[in-house]
Amino acid sequence: MEAGATMGIISLLPATIAIILAFKTRNTVFSLAVAIFIGVLAAGKGLMGFPAIMKTSLGTTSFSWILLLELFIGIVIAFFQRTGAIQGFTKIMEDRKLSRKNIQLTAWVMGMFVFFSDYFSPLFVGSTMRSLSDKAKISREKLAYIADSTSAPVSVLAPITGWAVFISGLLVGMGPVENAEQAMMIFTRAVPFNFYAIIAVILVGLFAVGAIPDFGPMKKAEKRALEEGKVLRDGAEPLIGEELTDTPPYEGIKTHVFFDFIFPVLIVITIAIGTFITLKSAKTMEAFLTAAVVLGIIMRIQGVPFNDIMKTAMSGMKGVMPAIIILALSYTINALSKEMGTANYIISVTENWLTPNLLPFITFMIAATISFSTGTSWGTFAIVMPIAAPLAFSFSGNEVSALVLATVAAVAGGGVFGDHCSPLSDTTILASTGAAADHIDHVKTQIPYALLAAGLASVVYLIIGFVAI
């Protein structure tokens, strides 16, 4: 299919079926598989279209990268379990006798601290805080929400992340933007206008301290956890293998929280941020590989047999397989939606509404719809930015005005919306994995909160659109 082409309303079929079935059956793998199968038939690819689209979408550098990243993270978390590091960290936090409220605030702060990777952040926060939050009778849905809302929404606000480089890179050549430095300057100036991401992060803190009471499905989940002591609903299927939840510490090991936990985390942070500054690309996967190797050496020095270390590493890989399977199917359905022109169709039926006053608002809504339907924020950025940004520049006389900054931020925030709460999104899946929550339960409880943030952001964009021109 040529660039800009679309199969029309049929292009919405795969994503729509996947989302409806996911909520109906609560089985994400089944829902995605059925949606892909029906989608390839609707696209005229025949019965062999299913394996064909999987081969082309999974045989890519991007999927290989996230596959390896997931495996290395799984190994590191398993090592944390086997050395007793997470239990040791939990005990330190327990000794501080944190209240239920403070535990949620701690998870919130930890998520914002690991701003450099939206992949590592939800897994790190969920896995390290899970035991503590369980004892405080905080529902897994609430923990997943906290981990999810401090991943992509935080990453898109920091000017020293891959997100910033990617978004600013799309602006080069538009309007008066001639080089990467100017583009990054615009991104940085647009950050205060990224109302969705800012509101989403702030809401976590407000819900944590009780300034805003829980509502909707989340209120029900929290009531269940508090009154019945059930952090998961009956029949829930946590999106994580038992290998990463039930691995006991090695018998007789003397846990050292700094070397077994803090030091590996510092390795990840140092390599990720260091490579971003020096190479302009955060080598997150390589950072986790290094941390896994170093932690394995530390375990051997502590007396853990080599065979046990390798067995633990394999358990870590097995533990992240449920998430990897869903990620594989999500990548496939995203590739199918791209081939069918889903994003192009959404834009084609809305582009006539893009008046100067409504530009930030409509841009945000289009980006949010595309990202939720496809589960990809970066794909949304690549599609919407080349359309919205030039329009904003033309309306502003080729000057970097508030309208331009608000429009750029609307693309970024709208893209994050889907990445934040779509059941097809990789970071949503990883938040469910880290918190060991049922994936659909996480999505159902988080969507009302994401919609609240989106609604507030939409109102502000409407106001900005009329004030900024």
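**Loops, burial and aromatic pairs**

Me: Where does K137 lie?

Reply: K137 lies in the loop between helix 7 (120–135) and helix 8 (140–149). Helices here are DSSP runs of H or I with at least four residues, strands are runs of E with at least two, and both are numbered from the N terminus. The model is predicted, so local features need pLDDT of at least 70 and side-chain atom pairs pLDDT 80 or more, while totals for chains, interfaces and linings use all residues. Residues are numbered from 1 along each chain as its sequence is written, and side-chain values use heavy atoms, without hydrogens or water.

Me: Why is K137 called partly exposed?

Reply: Buried means under 20% relative accessible area, exposed means over 50%, and partly exposed is in between (1.4 Å probe, protein chains only). K137 has 37% relative accessibility, so it counts as partly exposed.

Me: What is the phi of K137?

Reply: K137 is not a glycine, yet its phi is positive, about 60°. Most residues other than glycine have a negative phi.

Me: What can be said of A436, its phi and its place in the chain?

Reply: A436 has a positive phi near 55° and is not a glycine either. This residue sits in the loop between helix 22 (426–435) and helix 23.

Me: How do you know whether A436 is buried or exposed?

Reply: The relative accessible area of A436 is 1%, so A436 is buried.

Me: What makes A107 buried?

Reply: A107 also has a relative accessible area of 1%, which makes it buried. A107 is part of helix 6 (residues 100–113). Leaving out residues up to four places away in sequence, A107 touches V125, M129 and I146; a contact means heavy atoms within 4.5 Å. A107 and A147 are 40 residues apart in sequence, with their C-alpha atoms 7.2 Å apart.

Me: How many aromatic pairs does a search of the whole structure find?

Reply: The search finds 15 aromatic pairs. Rings of Phe, Tyr and Trp (its six-membered ring) pair if their centres lie within 6.5 Å; planes under 30 degrees apart count as stacked, over 60 as edge-to-face and the rest as tilted.

Me: Why is the pair of F364 and Y461 called tilted?

Reply: The ring centres of F364 and Y461 are 5.4 Å apart and the planes meet at 35°, so the pair is tilted. The pair links distant parts of the chain, F364 in helix 19 (residues 359–374) and Y461 in helix 23 (residues 439–467), 97 residues apart. F364 and Y461 are both buried.

Me: What are the distance and angle for F372 and F417?

Reply: The rings of F372 and F417 form a tilted aromatic pair, at 6.2 Å centre to centre and 35° between the planes. F372 in helix 19 and F417 in helix 21 (residues 402–421) are 45 residues apart, and their pair links distant parts of the chain. F372 has a relative accessible area of 18%, so it is buried. F417, at 8%, counts as buried too.

Me: Which residues form one aromatic cluster with F364 and F372?

Reply: The cluster also holds F193, F195, Y196, F417 and Y461.

Me: How do you know how compact the protein chain is?

Reply: The chain has 23 helices and zero strands. Its radius of gyration is 22 Å, close to the 23 Å that the globule rule gives for 469 residues, so the chain is as compact as a globular protein of that length. The radius is taken over C-alpha atoms, and the rule is 2.2 Å times the number of residues to the power 0.38.
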